Amino acid sequence: MEQGRFVIITGMSGAGKTQVLRTLEDLNYFCVDNLPVMLLPKFIELSRQTPGRNTAMVIDTRGGDAFSSLVEIMDEMHANGFDFEVLFLDADDATLIRRYKETRRRHPMEKGHNSLSESVLLERRSLSDVKSRATNIIDTSHYSNARLKEEIGRLFGDENSAPGMLIVVQSFGYKYGLPLDSDLVLDVRFLPNPFYEENLKKLTGNDEPVQDFLNRFPQTYKFLRMECEMLAYLIPQYEKEGKSQLVISVGCTGGQHRSVYIANNIYNYLRLKSYRVELLHREIKQKN
């Protein structure tokens, strides 16, 4: 099997390394943050034992004095024929200082006596040799989160990467609690309840008699039309902001009839629009 990609992420503190690592996780990379430099050779040996697996790790000045040996270790990796890439994230000093002030985190180069601007300068000097060996350099000074995610996808995505945002449509029953992973919650308890029809009580929204019952009411059609129009507007906005997963939860009282029917219709609509979508019926799964 072909060797997977091996990416070392480094660069200026505050330039976006954490976000890049999260994006690579979404691209099915095995990711490690703040790996001690001296463990890199051992990690390389382990990665060679799992061919085909893409790997990424952040190694930066948080490692202290040992970080200075990174260049030497990378040169040894090259000499031993190990193929890897180095992604260096940078930003201008003003942007880095502003980001640190906003987060109020301590800079790794701060020694208790130097200012934030001096810490940034010290780090930039310590990274000059590493930067000169970088395969890719990204200046994130004027990048939004969505733009950075898009750039990482362009550089490191492949045919096995997740093709865009995943939309999960799930039905649930309010009596069993709201799904904690919900991004959008649609309450359909206003629709007539098939539960009170003796011949429908033991059926679900997957069954044709329940579907026929709900289709008799104009509010069912009107609600579906309005929700599909809303999603047609919202989903591109979420994609534009770089969201990797959107969970749409549709709830009725017991999660058996109305929510299942509406979730099925939303799922079918999104599939027709060629979105990557999954369908779950929480309470039906629990019952079975």
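What is the volume of the largest cavity? The largest cavity has a volume of about 30 Å³. The structure is a predicted model, in which local features need pLDDT of at least 70 and side-chain atom pairs count only at pLDDT 80 or more, while totals for chains, interfaces and linings use all residues. Residues are numbered from 1 along each chain as its sequence is written, and side-chain values use heavy atoms, with hydrogens and water left out.

**Overall form**

- The protein contains 11 helices and nine strands; helices (H or I, at least four residues) and strands (E, at least two) are DSSP runs, numbered from the N terminus.
- The radius of gyration is 25 Å, well over the 19 Å that the globule rule gives for 288 residues, so the protein is more spread out than a compact globule. This radius is taken over C-alpha atoms, and the globule rule is 2.2 Å times the number of residues to the power 0.38.
- The C-alpha trace spans about 75 × 45 × 30 Å along the principal axes of the protein.

- Five strands form an open sheet in the order 2-3-1-4-5, with parallel pairing; two strands pair if DSSP finds at least two bridges between them.
- Strand 2 (30-32) and strand 5 (136-139) are the edge strands, each pairing on one side only.
- From one strand to the next, the twist averages 20°.
- Helix 2 (residues 40-48) packs on this sheet and touches strand 1, strand 2 and strand 3 (55-58), where contact means heavy atoms within 4.5 Å. The direction of helix 2 makes about 150° with that of strand 1; axes are lines fitted to C-alpha atoms, for helices over the stretch in contact, and angles run from 0 to 180 degrees between N-to-C directions.
- Five bridges join strand 1 (residues 6-11) to strand 4 (residues 85-90) in the parallel sense, and I9 stands opposite L87 in strand 4.

- An open sheet of four strands has the order 7-8-6-9, and its pairing is parallel.
- Its edge strands, strand 7 (184-187) and strand 9 (276-281), each pair on one side only.
- Strand 6 (residues 166-173) and strand 8 (residues 245-252) run parallel and are joined by eight bridges; L166 stands opposite Q245 in strand 8.
- Helix 9 (residues 218-240) packs on the sheet, touching strand 6, strand 7 and strand 8, and its direction makes about 175° with that of strand 7.
- Helix 10 (residues 258-272) also packs on the sheet, in contact with strand 6, strand 7, strand 8 and strand 9, and its direction makes about 170° with that of strand 9.

**Pocket and cavity**

- On a 1 Å grid over the protein atoms alone, a cavity is a set of points where a 1.4 Å probe fits but cannot get out, and a pocket is an open set with protein on both sides within 12 Å along at least five of seven lines; lining residues have an atom within 4 Å of a point. Grid points are joined across faces, edges and corners, and a volume is the space filled by probe spheres set on the points.
- The largest pocket has a volume of about 540 Å³. Of the 24 residues that line this pocket, G14, A15, G16, K17 and T18 are the closest to its centre.
- Helix 1 (17-26), helix 4 (93-103) and helix 7 (145-156) each supply at least two residues of that lining, and helix 4 gives the most, with four residues.
- The largest cavity is lined by Q3, G4, R5, F6, S47, T50, R53 and T55.
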